[in-house]
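This report describes one protein structure for a reader new to the subject. Please keep the sequence and the model in view while reading.

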Amino acid sequence: MQLATKYFGEMDITSVNVIHFPTGILGFPQETEFVLLDLPDNPLFQILQSIKRKEIAFIVVNPYQLYEDYTFKLDDGIVKALQLSDETEIVVLSIVTLKQPFNTSTINLQAPIIINANKQQGKQFVINSDKYSTRVSITALNSPSGKGE
């Protein structure tokens, strides 16, 4: 299927790669289908591209690649909603806010995107704690809370 993307123009994708977000992404409840696109020559970042609207695309990163000690517990509701049965099927992503210069960019550790990779189901999960911030340094120089602890 042809997909109009924000960053790559028209692309051919297969429907098996579409990730379903029944309740959308925070702030975008109507956007329920996305696809993960790799950035050429950049294995760290990906694009979470809406299937419906090309202008809705989030730069995402696996937060564990920047903050190895990042940890949280999924509540039973999200485990059930995503039909999670094994840790190996979970993909965790954080939305990146790009800024100039790049080293002032931030990632959102308080509301990670959780994906069941086997079932192609996703949900944004808000961590109900002040342990993490929505604007944590992308340079991983601070503690994961973004508070310099």
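## Salt bridges around R53

The side chains of R53 and E55 meet in a salt bridge, with a distance of 2.9 Å from N to O. This and the other values below are computed from a predicted model. E55 has a relative accessibility of 46%, so it counts as partly exposed. Through shared partners, salt bridges join E31, R53 and E55 into one network.

The side chain of R53 also forms a salt bridge with that of E31, at 3.5 Å from N to O. This pair links distant parts of the chain, 22 residues apart. R53 lies in the loop between strand 5 (42-50) and strand 6 (57-61), whereas E31 lies in the loop between strand 3 (19-20) and strand 4 (33-39). The count of salt bridges comes to two.

E31 has 1%, and a residue is called buried under 20%, so E31 counts as buried.

## Backbone features in the loops

The peptide bond from Q100 to P101 is cis, and its omega is near -5°. P101 is located in the loop between strand 7 (90-97) and strand 8 (106-107).

Q83 is not a glycine, yet it has a positive phi of about 55°. Q83 sits in the loop between helix 1 (76-81) and strand 7, and it counts as partly exposed because its relative accessibility is 45%. Q120, likewise not a glycine, has a positive phi of about 55°. The loop that holds Q120 runs between strand 9 (113-116) and strand 10 (121-124).

## Overall fold

Along the sequence, the elements follow the pattern β-β-β-β-β-β-α-β-β-β-β-β. The radius of gyration is 15 Å, close to the 15 Å that the globule rule gives for 149 residues, so the protein is as compact as a globular protein of that length. Its C-alpha trace spans about 45 × 40 × 25 Å along the principal axes.

Among contacts with a separation of 6 or more, 51% are between residues 24 or more positions apart.

## Surface and charge

Of the 149 residues, 41% count as buried. The protein exposes about 8,300 Å², and carbon and sulfur atoms supply 51% of this area.

There are 12 positive and 16 negative side chains. The centres of these two sets lie 8 Å apart.

Terms used:
Residues numbered from 1 in each chain as written. Predicted model: local features only at pLDDT ≥ 70, side-chain atom pairs only at ≥ 80, totals over all residues. Heavy atoms only, no water. Helix = DSSP H or I, 4+ residues; strand = E, 2+ residues; numbered from the N terminus. Rg over C-alpha atoms; globule rule 2.2 N^0.38 Å. Buried < 20%, exposed > 50% of the residue type's maximum accessible area, 1.4 Å probe, protein only. Contact = heavy atoms within 4.5 Å. Areas by Shrake-Rupley, 256 points an atom, 1.4 Å probe, with all protein chains shown as cover. Lys, Arg positive; Asp, Glu negative; His and termini not counted. Charge placed at Lys NZ, Arg CZ, Asp CG, Glu CD. Salt bridge = Lys/Arg side-chain N within 4 Å of Asp/Glu carboxyl O.
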